[in-house]
Amino acid sequence: MSCILHIETATDLCSVAVSEDGQVIFEQTEQTGAAQSRRLGSMVDEALSFTDSHAIPFDAVAVSCGPGSYTGLRIGVSMAKGVCYGRKLQLIALPTLQVLSVPVLLQHDDLPEDALLCPMIDARRMEVYCALYTRALRTMQQTQAMVIDEQSFADVLAEHPVYFFGNGSEKCKSVLNHPNAHFFDNVRPLAKYMAPLAERAHANGQFEDVAYFEPFYLKDFVATVSKKKII
């Protein structure tokens, strides 16, 4: 039995949800952009009021920890830490690219067994933040910054169907013309999709140190040229 507050602010969306035993019982999402700092507090207050009015005690707070917007991640993690301190709760950190993969797995259960998922978050110009996962969300390629060109993912695409999605994948459609390259549109990281990942982390006791945890800004990453083999 668990009740978890979820906070997702890695992109221009501000999203809050509450799950009980893995089922979402409250959710709110707004496209806030630079207004995240103003809206997130009231959205979290509404979520807390909802659970308090139903006498549902929280067990943990889950936050999307990046990669993503520096400002958005800082705001989301600061809010998550504040709730953890105020209510003496555990903190769960979830990689944003895994959160982005959840709706694809939920909505496309007919993907080939050897399919790889490539969630992408837009960075700048032809650069994206991306990772590669199996259908079971086993990591095949760690999160990295990558400059996309015609040779990107060539070795992987030669052996696997790869499904690209997220706001970074839009810039890749005209570049990655391999027959094994597939694209899903309008896939966004939302707080409600954090629930299954957070529930698993809670069951496994995978918690962060509230005092010292920092999000994954990728500020120290050097962009990887796409000609480098990634598997």
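Author: A residue is called buried when its relative accessible area is under 20%, exposed when that area is over 50%, and partly exposed in between. The model is a predicted one. By that cut-off F26 is buried, because its relative accessible area is 13%. F50, at 22%, is therefore partly exposed. The rings of these two residues have their centres 5.5 Å apart and their planes at 35°, so the pair F26 and F50 is tilted. F26 belongs to strand β3 (residues 23-31) and F50 to helix α1 (residues 36-53), and the pair thus links distant parts of the chain, 24 residues apart. The model has four aromatic pairs in total. Elsewhere, ring pairs join F153, F164 and F183 into a cluster.

Five strands make up an open sheet in the order β3-β2-β1-β4-β5, and their pairing is mixed. β3 and β5 (90-94) are the edge strands; each has a single partner strand, so one side of each is left without a neighbour in the sheet. From one strand to the next the twist averages 15°. In general, the strands of a sheet pair through backbone hydrogen bonds, in either a parallel or an antiparallel sense. Here strand β4 (residues 60-64) pairs with β5 in the parallel sense, over five bridges. Within this pairing, V63 has A93 of β5 as its bridge partner.

Helix α2 lies across β1 (3-8), β4 and β5, and runs at about 175° to β4. C84 is a residue of this helix, which spans residues 70-87. With a relative accessible area of 3%, C84 is buried. Neighbours within four places in sequence aside, the contacts of C84 are V61, L89, Q90, L91 and V210. A145, by contrast, is 61 residues from C84 in sequence and 31 Å from it in space, C-alpha to C-alpha.

The loop between β4 and α2 holds G68. G68 is also buried, since its relative accessible area is 11%. Its C-alpha lies 4.6 Å from that of A10, although G68 and A10 are 58 residues apart in sequence. Beyond the residues up to four places away in sequence, G68 touches A10, L73, Y129 and F216.

Y129 brings the account to strand β7 (residues 127-133). Seven of the seven residues of β7 are buried, so this strand is largely enclosed by the rest of the structure. Side chains in a regular strand alternate between the two faces of the sheet. In β7 both faces are covered: E127, Y129, A131 and Y133 are buried on one side, and V128, C130 and L132 are buried on the other.

Strand β7 pairs with two further strands. Strand β6 (residues 116-122) runs antiparallel to β7 and is joined to it by four bridges. Across this pairing, M120 stands opposite C130 of β7. β6 and β7 form a hairpin with four residues between them, and R125 in the turn has a positive phi of about 45°. With strand β8 (residues 139-147), β7 is again antiparallel, and six bridges join the two. C130 has Q144 as its bridge partner in β8. The hairpin of β7 and β8 has five residues between its strands, and L137 in its turn has a positive phi of about 60°.

Helix α3 (residues 96-107) and helix α5 (residues 195-203) pack at an angle of about 120°, and their axes are 9 Å apart. That angle makes α3 oblique to α5. Q98, V99 and V102 of α3 form the contact with P196, L197 and R200 of α5. By class, the residues of this contact of α3 with α5 comprise four nonpolar, one polar and one charged.

Note on methods: Residues numbered from 1 in each chain as written. Predicted model: local features only at pLDDT ≥ 70, side-chain atom pairs only at ≥ 80, totals over all residues. Heavy atoms only, no water. Axes fitted to C-alpha atoms, helices over the stretch in contact; angles between N-to-C directions. Parallel < 35°, antiparallel > 145°, perpendicular 65-115°, else oblique. Contact = heavy atoms within 4.5 Å. Nonpolar A, V, L, I, M, F, W, Y, C, P; charged D, E, K, R; others polar. Phe/Tyr/Trp six-rings, centres within 6.5 Å; stacked < 30°, edge-to-face > 60°. Buried < 20%, exposed > 50% of the residue type's maximum accessible area, 1.4 Å probe, protein only. Pairing = 2+ DSSP bridges.
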